[in-house]
Amino acid sequence: MIFKKLRTGMLSLVFFLAGAVFLSGTAFAANTDKYAPVYTKPLKSSSLKDPLSALLALPFEMIRWPISKSLLFTEKEYLPKKAEWLYTYLKNHGIQPSIGFMSGQGMQYGLKLDLPKLSGLQSKYPDFTFDTWVHYGEEISFRTGAEIGVERVAGTPFFVSGFFQYEDRWEDNFFGMGPDTSAGNGVSYGHEQTTVAGKVGYEFSPEWKGAFHLVYENNNISEGESDDWGQLSYFGLNNIPGSGGDKILTLAADLKNDTRDFRDAPTRGGYRQIYFGYSEGLDDSNASYFTYRADMAQYFKVGSPRRVLAIRGLAEHHDEINGGNVPFYNMSKLGGYGTLPEQSHTLRSYHVNRFFGESLLLFNIEYRYTIWEYRELHMDAVPFFDFGQTFGEWSEFQFKDFKESYGLEFRVYVARNNLVNISIAHGDEGTNFFVRSKKAF
Amino acid sequence: MLKKIFSLFLISVFSLPAIAAEAPVVKKQETLLYRDVYEQNVHAEAMNQLDLSRWGRKLFKKPLGSANINVFDEVPDSAFFVNRHAKSRLTSAQLARGYSETDGPDLSGALSVTKAKTEGLHVGFFIRDVKGDNYLVKFDGPDSLELATAAEVITSRFFYALGYNVPQYTVAFFSPEKIKAAEGATTRDKTGFKKPLTQEKLEEALMFVPQTDAGEYRVSASKILAGENKGYFSFSGRRKADPDDIVNHRDRREIRALAVFGAWLNNNDIRESNTLDMLAEENGKQVLKHYLIDFNGSIGSAHGGAKPPLFGHEYMFDFGETAKAFLTLGFWEKPWQKRWREAGEKSHSSAAVGYFDNRDFKPAEYKIQLPYEVFKRVTRADGFWASKQIMAFSDEDIRTLVSAGKFSSKEDADYVSKTLIERRDLIAKYWFSQSAPLDDFKAQRGKLTFKDLAVQSQFEKAETRNYQAVLLDAKGKKIKDLDVDASGVALEGVTADSVIEIRVNASPYVRVQVSADDVVSVRHQD
């Protein structure tokens, strides 16, 4: 050790003297070889950072090591490949897990099973479908169900299916009906719904299809479980149609046209859906109404597939007939991200189910533009603007009742499949934050 | 004579550390792509913002010069770099052969696969030939025969001729029946779990590998290096356990210059995980040699086929470019998007070439895909040095080096050569314009002569060059102007301890110290 230090000291001295000789200009340079290891001062390494910068970086340096090691382990052990294989394996075998988070509603977990795939019967009966699912939303609901059907009946464009679902939403919210309600008056209620449905349809072309539906619903309404919210009775149960629950039979028809070039990240085309339904309450239910709905979106390339303007319009009206009513839970609803069918439509800065009404008018505008891409990955920035309102009859519609919501979303895609979205939305009633794997429209 | 003896003495003394050093006891260090991405693209990018001295240098334009340059502003030989073509021209045969231990795998017998290559860009296998030599063979991607294999071999030749350590790379052809899975061979299949590599699995892996018209596989074969694998070398710090590794790698000119050479060879995949340290015996001494490896992401090639349009233009996560795109609502057309649009959104018509051209090529803006700080520290002096290295390659040299890629089409070889020749000139012209591109200083007969490399390379006309020279004292204070023209600087009144500062058309300076009839030191402004 001492020898090592002595040697280092001696060498440094020799270097220093040699360097000094050179700097004095009296040295005889090694002009014979301009690549010779002759230096003006001894070679040494300076510290990579000045002390203050090193101090500032210290907390980050402390997390660097475990992250680096974890990443190295992840890659060395092929964990992404194993995860991808597992996901693909599950998907190919009809098992599709899902996970998500929504502010105010907590974590969402789901599992969907494609039984023909799972049983290995899909290759034998490719047109036969049988899905079953279970979904658990940490703070709001539990849902399970199944759908069984045939895609092309006997090779024709006809399709049929049967549907069953049980859903318990123990923490739904209600704020009153119409556009002029207060967020502070929100109450909670429990909604247990059992649905049995049948569908028969015809696929006119890959872009056009239509179907008839027969739906039976059994709705039980109860008090909400949250202590933080008031109860439905706050509004006076007599003033709320359907507050005692209903059994409802619905006969409906829809027509769909979809010309999008990509389902998740369309750059052109659009979709159009029109729906008409007739619902009648059974037993002692007073429900009796028509439902009319038109939902359409169009996607426009703005000079490049990297810039897309997406516009969506949704109009819905429930028309009471035969002196009956529209149960409040089946009314048009607005608020939240709006990707789940049982939830209210997209008005992102507002609470889910914030607005109820017999009619609804909604417009969503998104400008989607790519800000980063790397091979099959790309990220879009999406400034968005939602404006919509619920109201009673068409005669009650007023422009001043529109509620606005605006914000920014970042969407990550893999090979044009939506991987994850992070968004923030702001409006008159505050700010919402979402992390989703499915976009609004 | 006395001077020469003293010079040799000095050289010997300065070489002492290498001679006296004990065998290095260095640990293997590991890295892979994910870690590299996190370390450079996330951690280092954030830490740079907290680096006060870095901000200071940026604000006051005080770049840090390389620390391993000698008195003549050159990079002496080391375990990282050995001056080759720019120092002493290699013959055509030497250029074409590159670093060579054998002629490539012995194809007289079977090639036994010992293990599948499970990291990196292309399908590959570790094989053993009948002589018992071990190689890593890599194939081209589907529908892009010759692309990756040619790129790998050509680029390895360039890096070797420049002075870097590289393994032996050769292009080899063999019929499908030659390749056999050896007993005990392993692979990682699509499950990611280690599995035995059976002949069936081997054939499955090769199913989409393209074949030549003669029905043969074409591979780039790199001979496995002798010695003990010590993992990657850092582009930042040094290995303290290695007594020969004295200077932080961030401050090594030859490492910084990889940014320039990477731009030339379109090798945007230079990263720490594509380097290798091998502990091997040399001249009876254990030496840790530092290698560059894995070049099949160079020229027009990348994983799976032609280079994606943004490669070379953006980092993997390019926060600056992303911010620009975000703030301009996507209406700002990025340079690579413009280039791709102007190319009709098509690569070269030949799949063997991929996406490689000089359209909108800007030497200073080329980006290696991870934002290593070492590449951001390239100073004007470093760029000038790198350009000198590049300009040492004549058009004919470049054609010779490209011929090592064994393109089946002369047009493809000519196109790649032509593009490299043009790119060489674009790079050198740029860096020569950023410095006083003067070299080869000689003090003789009362005059300091030099070569103006920009004029010599025909980037500038001699009549447009306006040289200025001043005499400085030892403290850098101006003493007087000196007479200077293209033929040199008059040394009248120059004493041994004074320094001559020369500029060309108000360029940064080059400072030269002369004794009576010798050049003592040269330093280009950083």
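**Cores, sheets and domains**

The largest nonpolar core has 85 residues, and I154(B) and V260(B) touch the most other members of it. A nonpolar core here is a set of buried Ala, Val, Leu, Ile, Met, Phe, Trp, Tyr and Cys residues joined through C-beta atoms within 7 Å. Buried means that 20 or more other C-beta atoms lie within 10 Å of a residue's own, exposed means 12 or fewer, and partly exposed is in between, with C-beta atoms placed from the backbone. Keep in mind that this is a predicted model: local features need pLDDT of at least 70 and side-chain atom pairs count only at pLDDT 80 or more, while totals for chains, interfaces and linings use all residues. Residues are numbered from 1 along each chain as its sequence is written, and chains are lettered from A and ligands numbered from 1 in the order in which they are written.

- Apart from it lies another core, of 30 residues, including V38(A), Y39(A), A436(B) and A443(B).
- Leaving out residues up to four places away in sequence, V260(B) touches V378(B), G383(B), A386(B) and I427(B), where contact means C-beta atoms, placed from the backbone, within 7 Å.

**The seven-stranded sheet**

- In chain B, seven strands make an open sheet in the order 4-7-3-2-1-5-6, with mixed pairing; two strands pair if DSSP finds at least two bridges between them.
- Its edge strands are strand 4 (169–174) and strand 6 (194–196) of chain B, and each pairs on one side only.
- Strand 3 (residues 134–139) and strand 7 (residues 217–223) of chain B pair in the antiparallel sense over five bridges, and F139(B) stands opposite V219(B) in strand 7.
- Helix 6 of chain B packs on this sheet, touching strand 3, strand 4 and strand 7, and its direction makes about 150 degrees with that of strand 4; axes are lines fitted to C-alpha atoms, for helices over the stretch in contact, and angles run from 0 to 180 degrees between N-to-C directions.
- Strand 1 (residues 111–117) and strand 5 (residues 179–188) of chain B run parallel, joined by four bridges, with A181(B) as the bridge partner of V113(B).
- Strand 5 and strand 6 of chain B form a hairpin with five residues between them, and G192(B) in the turn has a positive phi of about 85 degrees.

**The four-stranded sheet**

- Chain B also has four strands in an open, antiparallel sheet, in the order 13-14-18-17.
- Here the edge strands are strand 13 (438–444) and strand 17 (484–485) of chain B.

- Chain B is assigned domain 1, domain 2 and domain 3 (438–524); the bounds come from an automatic or database domain assignment.
- Taken over C-alpha atoms, the centres of domain 1 and domain 3 of chain B are 31 Å apart.
- In chain B, 11 residues of domain 1 are in contact with 11 residues of domain 3.
- Helix 13 of chain B gives the most to the side of domain 1 that touches domain 3, with five residues.

Definitions and conventions. Two residues are in contact if their C-beta atoms, placed from the backbone, lie within 7 Å. Helices (H or I, at least four residues) and strands (E, at least two) are DSSP runs, numbered from the N terminus.
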